[in-house]
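We will go stop by stop.

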Amino acid sequence: MNKLFTSLASAAFGFGLLATAAFAGSVAPSQQDGAAQGVVIVPASASPTQDVSAEAEGFKRGKLVAFAADASPGDIVINTRENRLYYVLGGGQAVMFRVATAKRGFEWHGTHQVSSKVKWPDWRPPAEMRKRRPELPAYMAGGPNNPLGARAIYLGSSIYRIHGTNEPSSIGKAASSGCIRMLNEDVSELYRHVKLGARVTVM
């Protein structure tokens, strides 16, 4: 486990992950004990700092939340316990999206860099997936029926991506084979902002 991941995990789960009152309202009652869950309620009047307000205005679908972690502007942090993705703005702010994460048996944690970005990506299911599901094609062209959806953000040289989906009902659940799924409209918005080389941490 590298130093960044350790620091982010500590910040997110120990004391540092902050949420606006609106965000906290979506947390289950059993998770509203900030000391136990690392969630601290921030007054609804909390606003972005002047340094990040311009970029924050570029997000129409993601929710602006207070966020404290050892991360740089442009980083992405994915909290698999919450099924939430945070695009870090800096100044104690991030833009939050609901996502689908790995189902049981397919979980992973670590840090990668964004290696490529593709609109309406083609899909070639990995061999191990086709072994489990022989009905899958070896290749599927990009389009609305493609499981990768409207955009794909590739993570290093791994098989994992942040991508859209043709199963919107899976968002907010542990449902994937390891990739991070987003609604097509959400991943299209994130795609416009995230840069090649950006650091992505899955915890």
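How many of the 203 residues of the protein count as buried, as a percentage? The answer is 45%, where buried means under 20% relative accessible area, exposed over 50% and partly exposed in between, with a 1.4 Å probe and protein chains only.

A word on the ground rules. This is a predicted model, in which local features need pLDDT of at least 70 and side-chain atom pairs count only at pLDDT 80 or more, while totals for chains, interfaces and linings use all residues. Residues are numbered from 1 along each chain as its sequence is written, and side-chain values use heavy atoms, with hydrogens and water left out.

**Colour by confidence.** The pLDDT is the predictor's confidence in each residue, from 0 to 100. Its mean over the protein is 79, and 74% of the residues reach 70 or more. Now select residues 1-50: the pLDDT there is below 50, and the stretch has 86 contacts in the model beyond near neighbours in sequence. A contact means heavy atoms within 4.5 Å. Where pLDDT is low, the predicted coordinates should not be read in detail.

**Show the secondary structure.** Of the contacts between residues at least 6 apart in sequence, 64% join residues at least 24 apart.

**Select Trp108 and Tyr160.** The structure holds 4 aromatic pairs, meaning rings of Phe, Tyr and Trp (its six-membered ring) with centres within 6.5 Å; planes under 30 degrees apart count as stacked, over 60 as edge-to-face and the rest as tilted. In Trp108 and Tyr160 the ring centres are 4.4 Å apart and the planes at 10 degrees, so this pair is stacked. Trp108 sits in the loop between strand S7 (101-102) and strand S8 (110-119), and Tyr160 in the loop between strand S9 (151-155) and strand S10 (161-163), so the pair ties together parts 52 residues apart in sequence. Both residues are buried. For another aromatic stop, pick Phe59, Tyr87 and Phe97, which form one cluster.

**Move to helix H6.** Of its 10 residues, 7 are buried, among them Glu189 and Tyr191. Glu189 belongs to this helix, which spans residues 184-193, and counts as buried at 2% relative accessibility. Beyond neighbours within four places in sequence, Glu189 contacts Gly58, Phe59, Lys60, Arg61, Gly62 and Phe97.

Now show the ring of Tyr191. Lys117 lies over its face at 4.6 Å from the ring centre, and Arg151 also lies over the face of Tyr191, at 5.5 Å. Such a charge has NZ of Lys or CZ of Arg within 6 Å of the ring centre and within 35 degrees of the ring normal.

**Visit Asn145.** This residue lies in the loop between H5 and S9 and counts as exposed at 63% relative accessibility. Not counting residues up to four places away in sequence, Asn145 touches Met140 and Asn166. From Asn145 to Asn166, the C-alpha distance is 6.0 Å, and they are 21 residues apart in sequence.

Key
Helix = DSSP H or I, 4+ residues; strand = E, 2+ residues; numbered from the N terminus.
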